[in-house]
Structure formats: C-alpha cells, structure tokens
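Hi,

Here is the structure I promised to pass on. Have a look at it first, and then read my notes below.

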Amino acid sequence: MASAVGTLRFLGAAGTVTGSRFLVSTPHARVLVDCGLFQGQKALRLRNWEPFPVSPESLHAVVLTHAHVDHCGYLPALVRAGYHGPVFATRGTAELAAIVLPDAGRLQEEDASFANREGFSKHEPALPLYTEDDARRAAEAIVPVAAGVEREIAPGVRLVLRRAGHILGAASVTLVLEGPPERRLVVSGDLGRSAHPLLCAPEPPDVADWLLVESTYGDREHDDSRVADDFAEAVSETARRGGVVVIPAFAVDRTEGVLFQLRELAASGRIPRLPVFVDSPMALAALRVYRRALAEGWDEVRPELRGRDDVLDPGGLEEVRDPRASRALCEAPGPFVVVSASGMATGGRVLHHLIERLPDPRNSVLLVGYQVRGTRGHRLLSGERNLKMLGRYVPVRAQIRDLAAFSVHADASELVAWLASARHAPRGVFTVHGEPAAAAALAARVDRELGWPIVAARDGEVIRL
Ligand SMILES: [Zn+2]
C-alpha cells in the first residue's frame, strides 16, 4: 500500500447538503476545511449540538470555501468551544461572513428566547448554540487570502484558493501536504454556474491526488431557456391580478441575482415596472458588499460589469430596514415584489410575508434556490396545502413556482465539465454535499464519462491521503 501523509475525515456534508466540514490531519497539523452548520430536518440540526469530534484547541487552521451558513455557520460554535487559531478565506468571504455570522447568532438567540417564552423547548432554559457576540469574535478571526497565491497555513500544509463562481468570494480549496510523497487535496466548495449573471465562471480544479466535488444538483440539469420566461410570466401574471410576488431569497447572492433579473426584464418591457422591496437587513448589508465589488471591479466580477453597480437596481428599489416598515409592508396592497430572507423560509422576515400572502390566490411565491428536504421551502415545492409557521397553520392558495435554474449551483453537466477541465485525473474523487440520489447519479456519470475512480463520501469515514 502506498504510504500516506495524513488522513481526511468527513464530518458533514456526506449524504446531505449541509454541515460541510472536512478534517485533514497530518503528523504535524490539523486543518479543518469548512465549518458549516447542519440545516433542514431536526435529526440533522441536532448534530450541531454534538461536541466537535476533536478538541478545537488541537486545530492549527480553519479554511472557509464561502460565506453560506452551511459552510461557515458552525465557526462561532467552534470558537466558543475553544478554537483560537486563524481562519483563512478570500476577502469576499471575510466581508460576507462578517454579515452572515452575527445574523446567524442573533437568530440562534431569538429562537432560544422564543422557545423559552412559548415553552416549546424540552431544555430548561433553551440556550442558543452561540450568540451574536460569539459570531462577531469568530468573524474577526478570518484572515483574507488572495486567490491564486500559495501560502503556508499550518506546519507542512500550504493553501491555494481558486475562484468557484458560486457567490462573491467563493473558492475551491487546494491543500498541499508536505511529503514525501507530497499530496494534494482539492475541495471544490460549492461550484457556481458559467451563467452566473455577475460573477466569472469557476476556475478549473488544481492538480489533485484526491478531490472532493459537491453534488447538490448531481442528478439534475438546469433549463436556462425557461428561467427568464418563467420569471417574467410569474411576475406579470401576479401584477395583473394585483397580487404580491414573494421571493424568499438567500440573503447573499440570490438577492443580487433576482434584482439583476428584474432589471433586465423591466428594461426589455417583459414585466411591468413595479416597486421592488428588499426586506432583510442582512440582504441589504450583503448588497452593499456586492455593489462595492462591482464598483471597484473585483477580479471575480464579470469584466463587462466592472464599474457598474447600477445593474443591481431594477428601478423603484426600496430598502426596508425598520421592522415597523416591514410589518406595514406585510399589509400593503399589491402589486409589488418583495425579496426577503431566508431562502428556504426557515426563518427571518419572509415568514411574516408568507403568513400574510400564502392564503390569497392572487399572490405568488417564487423559489429561486435549492430547497433542503424538511424546510418550509421544500414543503411548498412539494405542494403541501397547509404550512406550519410560528405556531399556526397557514393555508397555501398562492401560486408556487420553482425557478431552480436560478440556482447558483452547477448542474450535473457543469459539474462533470468542471472535473474534466482538470489537467490530470486524480487518484480518487469523493462526492460530497448532495442528497444520496444526487451524489450517486454524479458518481455514475463521472465513472461513465471520465472513467475516474469516484465514490460517495460516507459520514464519519476516514481516508488515508
Ligand atoms: Zn453555498
């Protein structure tokens, strides 16, 4: 058997799309790639409360692929449990995580105090997983690293980040483990689409001995030909009925994608000009980072959009900051569009909009991102006619539209094309970050089309590198 220089252990995002955490250990260092929160079904969410499998103090470094909570949202819990080392990520991820993490901490605190008030919790008293303060401290530990520059992050471990085109700052991670023999591990992170309206396409993977590839849409193809038509049709029909279009959107990137699309459709006369409200303090904070990235022409922004922060204003954009204005908007008559977080309707202000708008058939709800099983977004997509929200049942009579092609995740063909753009076949590939069917479908396709050794990562499994 070939000698190994270390091990890789799958601590999440194996057989599921959340809780991305991969632990790399060598005789001299321990590095954690991604530090994500488990989301969705309760059995998964409970895993956030398990003690971290190794002592957090024993880690030398953490690397984040991007600022989505399922990739970075466990970091404050790790810091609270005693991790004091550096956290490496791109500038975009550092800036967005400084917005996303405190918000996640605030939601944890709100959920705990709500559970205490209403007496739902089996724990007395219910405690947050971490607080907003913990999250701020965690975000401050992030050290920005430029993409494409190799840097030693732990004894005998070097890091290179490559643009992944998924959201601003998103990167694939290459870890070079000193040998002999030298070993190279590539973790794709979430991969974007070449059709992303604002960001450049993902860079090809670095040369790798071992490669982890996300498989969110490993069994699906996005139909780009329909997405603008479906979007235009949904908005126009709702406007004709005098209804409200509710778009639960991930605060980071989907809000920008939706605003860009609304601007294009309004400019070409395919939808009427309507007021567009962004009702999410976090989405508005992220929007400022995107505007700056566009205005300053960051490398990952599409060249033709550098210097053009106006492309995120569909005309009539209203920024809703005050909670009272948000409540008033819930009762305001249509037609208008409201974009609000969270993207899978698991929490946030969008719940109040849904409670108000779902019972009326004039309204519509557009689902523009991946909906994890067990979330309200997934229930809406599956056609449930009654949805439990904030302790009551809400009848679903509004039109529900699935606009999955809006996703910022590559589809199966794009994943295969990304792998195929590698200069050499790795010795082994693992699918991660996918439901079992999606992961299996991608593995079968890679085996068939590229002939590479590939298997689905199993939770808790340890691989010799
Ligand atoms: Zn992501």
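This is a predicted model: local features need pLDDT of at least 70, side-chain atom pairs count only at pLDDT 80 or more; totals for chains, interfaces and linings use all residues.

Glycine 189 sits in the loop between E10 and E11. Leaving out neighbours up to four places along the sequence, it is in contact with Thr65, Ala171 and Glu214. Arginine 47, on the other hand, is 142 residues from glycine 189 in sequence and 21 Å from it in space, C-alpha to C-alpha.

On to the helix pairs. H12 (residues 412-420) and H13 (residues 436-450) have axes that come within 11 Å and cross at roughly 50 degrees. That angle makes H12 oblique to H13, and the crossing is right-handed. On the H12 side the contact is made by Ala412, Ser413, Leu415, Val416, Leu419 and Ala420, and on the H13 side by Leu442, Arg445, Val446, Glu449 and Leu450. Sorted by class, that contact has eight nonpolar residues, one polar and two charged.

Thr255, Glu256 and Leu259 of H7 meet Ala283, Ala286, Leu287 and Tyr290 of H8. The residues of this contact divide into five nonpolar, one polar and one charged.

While you are on H7, click on glutamine 261, which is found in that helix. Glutamine 261 counts as buried, at 15% relative accessibility. Not counting residues up to four places away in sequence, glutamine 261 touches Ala228, Phe231 and Phe406.

Next, the charged pairs. A search of the whole structure finds 32 salt bridges, and I picked out a few:

- Glutamate 150 with arginine 158: the closest N and O atoms are 2.5 Å apart. Both ends count as partly exposed, glutamate 150 with a relative accessible area of 41% and arginine 158 at 22%.
- Aspartate 209 with arginine 427: these side chains meet at 3.5 Å, N to O. The pair links distant parts of the chain, 218 residues apart, with aspartate 209 in the loop between E10 (183-187) and E11 (210-214) and arginine 427 in the loop between H12 and strand E20 (428-432). Aspartate 209 counts as buried at 16% relative accessibility, whereas arginine 427 is partly exposed at 42%.
- Arginine 379 with glutamate 384: the closest N and O atoms are 3.5 Å apart. Arginine 379 is partly exposed with a relative accessible area of 35%, and glutamate 384 also counts as partly exposed, at 31%.
- Arg226, Asp229, Asp230 and Arg270: these are linked in a network of salt bridges.

Last, some backbone geometry. Most residues other than glycine have a negative phi, and most peptide bonds are trans. Which places go the other way here?

The peptide bond from glycine 179 to proline 180 is cis, with omega near 5 degrees, and proline 180 is in the loop between E9 and E10. Glycine 334 and proline 335 are also joined by a cis peptide bond, with omega about 0 degrees. You'll find proline 335 in the loop between helix H9 (323-331) and strand E15 (336-340).

As for phi, aspartate 253 has a positive value of about 80 degrees although it is not a glycine. Aspartate 253 lies in the loop between strand E12 (244-248) and H7, and counts as buried at 0% relative accessibility. Leucine 390, not a glycine either, has a positive phi of about 50 degrees. Its place is the loop between strand E17 (386-389) and strand E18 (392-395), and leucine 390 is partly exposed, with a relative accessible area of 41%.

Cheers

Methods. Residues are numbered from 1 along each chain as its sequence is written. Side-chain values use heavy atoms; hydrogens and water are left out. Axes are lines fitted to C-alpha atoms, for helices over the stretch in contact, and angles run from 0 to 180 degrees between N-to-C directions. Helices (H or I, at least four residues) and strands (E, at least two) are DSSP runs, numbered from the N terminus. Angles under 35 degrees count as roughly parallel, over 145 as roughly antiparallel, 65 to 115 as roughly perpendicular and the rest as oblique. A crossing is left-handed if the near helix is turned anticlockwise from the far one by less than a right angle, and right-handed if clockwise. Contact means heavy atoms within 4.5 Å. Ala, Val, Leu, Ile, Met, Phe, Trp, Tyr, Cys and Pro count as nonpolar, Asp, Glu, Lys and Arg as charged, and the others, Gly among them, as polar. A salt bridge is a side-chain nitrogen of Lys or Arg within 4 Å of a carboxyl oxygen of Asp or Glu. Buried means under 20% relative accessible area, exposed over 50%, partly exposed in between (1.4 Å probe, protein chains only).
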